[in-house]
Amino acid sequence: MRRLTRTVATAALATALALVSACSGGSDSGDEAKAPDGAALEKVTYLTSFGNFGRDSYAWVAKEKGFFKDAGFDVEIKPGQGTGAVIQTIVGGQAQFGPIDLTGGLLQLGNGQAKDFVAVAAIQQRTMAAIATVEGKNIASPKDLEGKKLADTPGSVVRNLFPTYARMAGVDASKVTWVNGEAQTLMGTLASGQVDGIGQFVVGQPTIETVTKKKAVLLPYSNVMQDLYGNVLITSAKIAKEKPEMVKRFTAALLKGLEYSLANPKEAAELLKKNVDATNIDAAAAELQLMAGYVRSSNSGTAIGTLDSGRVAKSIAILQGAGSLKQNITPDQIIDFNLAPKA
């Protein structure tokens with residue numbers, strides 16, 4: 001166990017160093033970079049949803065393949081720390097764009113914890129939120145979570161949505177203990193046996209199995225809440241109002257990176273590895289392959305990124321029915337449908 005703990009700690013340190021390196025580097029030269037029309041590139045800071053895993057590699061793809069540059073942007077990519085932190089950073093002006101889980105955004109908005117942000121495109125048409133554990137923890141169903149210890153970042157949608165999930169799944173949430181963790185070290189925490197499970201996306205299964213050397217067991221929230229969207233791209237309400245065309249250009253470039261990544265998962269994983277040295281290429285590619293089924297669905301039409309007002313209203317109704325929202329909200333309060341891609 002001591003050897004495993006040292007191994008996990010070493011891996012976590014390597015990951016942290018890689019992230020620092022990734023954030024300080026970049027393929028574009030800030031002062032000299034020019035758009036195809038010769039104009040200076042507009043500097044943008046983009047946050048990933050949660051660390052730098054395969055599921056977020058599409059942003060690196062958009063940068064490395066020149067999609068951002070072609071759209072007129074010099075983009076710095078930084079690792080996000082979950083829905084709450086991403087919203088706070090973007091509203092605070094330290095970043096301009098980033099993905100959050102839409103349900104988490106609804107909870108933040110409807111409970112007065114955040115405002116002044118809007119979603120402008122869907123990344124996943126279904127929520128990927130889940131509780132993840134490994135074989136040997138005696139967790140096979142939601143009810144088995146009672147009496148267990150789980151870890152996640154304080155602002156994660158998995159953690160903030162858990163009371164609603166527990167209520168709908170017949171779990172006594174008061175019998176589940178949550179402890180704080182960091183995005184890049186959660187899997188190591190699970191591997192070392194410090195906790196019984198972690199908040200995670202379902203696409204994290206390959207990476208969990210790589211880190212823990214055990215078979216992963218996942219309890220997807222979508223099994224009990226089927227109408228919820230997954231991640232959506234957000235920006236501040238101020239930017240959406242003052243720079244709508246800039247938002248559309250950035251969104252189109254990012255979604256181009258997403259589509260390319262799903263069609264070329266191995267190359268996308270290699271481009272992530274180029275920027276984040278701690279990346280496991282096979283695990284990152286496997287995450288993208290798993291994510292593909294969540295990006296497009298029968299509800300999304302042919303275009304990636306579309307958002308439907310009726311489905312968002314159903315998500316709000318689910319949360320209201322579970323008593324998870326203190327305020328009444330409408331889809332238009334969180335989605336700018338004029339900026340979102342059309343089906």
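A salt bridge is taken here as a side-chain nitrogen of Lys or Arg within 4 Å of a carboxyl oxygen of Asp or Glu. In this predicted model, the structure holds 11 salt bridges.

One of them joins the side chains of lysine 43 and aspartate 74, with an N to O distance of 3.0 Å. Because lysine 43 belongs to strand 1 (residues 42–47) and aspartate 74 to strand 3 (residues 73–78), the pair ties together parts that are 31 residues apart in sequence. Lysine 43 is exposed, at 54% relative accessibility, whereas aspartate 74 is buried, at 9%.

Another salt bridge links arginine 55 and glutamate 287, also with an N to O distance of 3.0 Å. Arginine 55 sits in the loop between strand 2 (50–51) and helix 2 (57–64) and glutamate 287 in helix 12 (residues 281–295), so this pair ties together parts 232 residues apart in sequence. Arginine 55 is buried, with a relative accessible area of 3%, and glutamate 287 is buried with 0%.

Lysine 65 and glutamate 267 form a further salt bridge, their closest N and O atoms being 3.1 Å apart. Lysine 65 lies in the loop between helix 2 and helix 3 (67–70) and glutamate 267 in helix 11 (residues 265–275), 202 residues apart. Lysine 65 is partly exposed at 34%, as is glutamate 267 at 25%.

Attention now turns to the nonpolar residues. The largest nonpolar core has 107 residues, and those with the most contacts inside it are Tyr46 and Phe250. Helix 10 (residues 244–263) gives the largest share of this core, 8 residues. Beyond its neighbours within four places in sequence, tyrosine 46 is in contact with residues including Val75, Ile77, Phe97, Leu233, Phe250 and Leu254.

Notes:
Residues numbered from 1 in each chain as written. Predicted model: local features only at pLDDT ≥ 70, side-chain atom pairs only at ≥ 80, totals over all residues. Heavy atoms only, no water. Core = buried A, V, L, I, M, F, W, Y, C linked by side-chain atoms within 4.5 Å. Buried < 20%, exposed > 50% of the residue type's maximum accessible area, 1.4 Å probe, protein only. Helix = DSSP H or I, 4+ residues; strand = E, 2+ residues; numbered from the N terminus. Contact = heavy atoms within 4.5 Å.
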